[in-house]
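Please keep the sequence and the three-dimensional view at hand while reading.

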Amino acid sequence: MKVTPRPSPSERARRMLAEEPNLTLATVSAAGVPWISPVFFSADAADDLYWTSEPSARHSVNVRETGTGAAVVVRAHPGEPVDAVYMTVRCVELGAPEEILAATAVMAAKPQPERWRIRDLAQVSPGGPWRIYRGHPETVEVRLTAERDGIPVARRTHADFRSAPEAAR
């Protein structure tokens with residue numbers, strides 16, 4: 001019988017960024033008030049995350065105020081173990097036309113719900129209903145199941161494919 005090796009934490013993180021459609025984004029206001037929002041997202045080849053939001057949405061305002069966020073992408077398919085990738089991210093609202101154009105190409109490359117599809121650059125430019133935001137991951141971890149006193153517990157393990165070696169914590 002052939003045993004398939006389990007993907008490394010980095011491979012799992014990359015796979016979830018490529019395959020899963022949604023992430024949950026946590027932001028904080030300048031006054032320190034947290035907010036959490038689900039968003040459709042796409043990742044580029046450098047693993048930066050892109051999403052669209054209405055510019056007056058609380059998480060959009062928080063991005064402009066602090067540029068700080070955290071994100072989790074969860075994989076929960078029937079019959080499979082739950083998996084997740086957790087990230088701290090530096091966030092920015094894109095404004096330069098060349099950045100917006102490049103981001104629309106990244107977003108169009110991933111299957112997405114029709115209602116969130118960008119059809120025209122005017123939709124995501126000043127005066128339009130949406131803006132495009134980019135989150136640059138600063139730390140990346142994936143879910144790790146361990147046992148404590150014979151009870152399964154969820155932990156995280158380093159999965160950042162760009163920096164330090166993978167180590168459980």
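The residues that line the largest pocket divide into 7 charged, 4 nonpolar and 1 polar. In this classification Ala, Val, Leu, Ile, Met, Phe, Trp, Tyr, Cys and Pro count as nonpolar, Asp, Glu, Lys and Arg as charged, and the others, Gly among them, as polar. The model is a predicted one, in which local features need pLDDT of at least 70 and side-chain atom pairs count only at pLDDT 80 or more, while totals for chains, interfaces and linings use all residues. Residues are numbered from 1 along each chain as its sequence is written, and side-chain values use heavy atoms, with hydrogens and water left out.

**The largest pocket**

- A pocket is an open set of points on a 1 Å grid over the protein atoms alone, where a 1.4 Å probe fits, with protein on both sides within 12 Å along at least five of seven lines; lining residues have an atom within 4 Å of a point.
- The volume of the largest pocket is about 280 Å³, where a volume is the space filled by probe spheres set on the points, and grid points are joined across faces, edges and corners.
- Among the residues of its lining are Arg-6, Arg-12, Arg-15, Arg-75 and Arg-143, together with Glu-80 and Asp-83.
- Helix H1 (9–19) and strand S7 (131–148) are the elements that give two or more residues to this lining, and S7 gives the most, with 3 residues.
- Helices (H or I, at least four residues) and strands (E, at least two) are DSSP runs, numbered from the N terminus.

**The second largest pocket**

- The second largest pocket has a volume of about 240 Å³.
- Its lining holds 13 residues, and Pro-38, Val-39, Phe-40, Thr-52 and Trp-116 lie nearest its centre.
- Two or more residues come from each of strand S2 (34–40) and strand S4 (49–53); S2 gives the most, with 3 residues.
- By class, this lining has 8 nonpolar, 4 polar and 1 charged residues.

**The buried side of helix H1**

- Pro-9, Ser-10, Arg-12, Ala-13, Met-16 and Leu-17 of H1 are buried, a term for under 20% relative accessible area, with exposed meaning over 50% and partly exposed in between (1.4 Å probe, protein chains only).
- These residues lie on the same side of H1 because they cover an arc of only 165 degrees around the axis, the arc being that of the directions from the helix axis to the C-beta atoms.
- The cover over the buried residues of H1 includes strand S3 (42–43), S4, strand S5 (68–75), strand S6 (83–93), S7 and strand S8 (151–158).

**Two aspartates with positive phi**

- Asp-47, in the loop between S3 and S4, has a positive phi of about 70 degrees although it is not a glycine.
- Asp-47 is buried, with a relative accessible area of 6%.
- Asp-149, in the loop between S7 and S8, has a positive phi of about 55 degrees, and it is not a glycine either.
- Asp-149 is exposed, with a relative accessible area of 75%.

**The overall fold**

- The protein has 3 helices and 8 strands, which follow the pattern α-β-β-β-β-α-β-β-α-β-β along the sequence.
- Buried residues make up 40% of the 169 residues.
- Of the contacts (heavy atoms within 4.5 Å) with a separation of 6 or more, 59% join residues 24 or more positions apart.
- The C-alpha atoms fill a box of roughly 55 × 40 × 30 Å along the principal axes.
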